[in-house]
Amino acid sequence: MARDGSTAPSAPVGVAREPTALDREVTAGLGVFMRVCGTCHEAMWRLPTGGHLPRIRWTEAAMRRQIRAGSGRSSASAMPAIDAGRLPESEMPALIAYLRSIEAVVSP
Ligand code: HEC
């Protein structure tokens, strides 16, 4: 129920509302993304406030494989594997929530 007592099902975009648990997870995930992925991907993958969003629409399994195994090539321009030292498993759910919010990850 909205603050004024009306029962609109959901607030229109741009109308202030309390952040949900999912909002907080996505925000935390953005922080993880900026720390762990942002050095390489900030310019490639814009922030939610930027114009172009990636929408590569991978499954969560494919995304986790890319993160933990890297791209499997040894070239200097390839993505390295990112281990639990740099990205603890406990931070993975927030990161995936952020990646879902930009449609980099979708459900199959
Ligand atoms: C050291 C730099 C570096 C870091 C850190 C890094 N990436 Fe990458 N990533 C790359 C490069 C370079 C490519 C493209 C070439 C390749 O696939 O190896 C890439 C490719 C990808 C792709 C495949 C995109 C496509 O269209 O095929 C995904 C998905 C991805 N990265 C996700 C992530 C996520 C999520 C993180 C953070 C957990 C991350 N990367 C961290 C350098 C990095």
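Student: Which element gives the largest share of the shell around the ligand?
Tutor: Count shell residues by element, where helices (H or I, at least four residues) and strands (E, at least two) are DSSP runs numbered from the N terminus. Five residues, the largest share, come from H1.

Student: How many helices and strands does the protein chain have?
Tutor: This is a predicted model, where local features need pLDDT of at least 70, side-chain atom pairs count only at pLDDT 80 or more, and totals for chains, interfaces and linings use all residues. Residues are numbered from 1 along each chain as its sequence is written. From the N terminus on, the elements run α-α-α. The count is three helices and zero strands.

Student: Which residues come nearest to the ligand?
Tutor: A residue is near if its C-beta atom, placed from the backbone, lies within 6 Å of the molecule. There are 17 residues around the ligand. The nearest are Cys-37, Cys-40, Ser-71, Ala-78 and Met-79.

Student: Where is the kink in H1 centred?
Tutor: H1 has 21 residues, and its end C-alpha atoms are only 26 Å apart. A straight helix would reach 30 Å at 1.5 Å a residue, the expected span being 1.5 Å times one less than the number of residues. Bend is the angle between axes fitted to the seven residues ending at a residue and the seven starting there. The kink, about 50°, is centred on Arg-35.

Student: Is Asp-83 buried or exposed?
Tutor: Asp-83 sits in the loop between H2 and H3. Its C-alpha atom is 6.0 Å from that of Arg-68, 15 residues apart along the chain. Buried takes 20 or more other C-beta atoms within 10 Å of the residue's own, exposed 12 or fewer, and partly exposed lies in between, with C-beta atoms placed from the backbone. Because Asp-83 has 11 C-beta neighbours inside 10 Å, it counts as exposed.

Student: What share of the residues of the protein chain counts as buried?
Tutor: In H1, the buried residues include Val-26, Gly-29 and Leu-30. Helix H3 (92–101) is part of what covers the buried residues of H1. Of the 108 residues of the protein chain, the buried share is 11%.

Technical notes:
Two residues are in contact if their C-beta atoms, placed from the backbone, lie within 7 Å.
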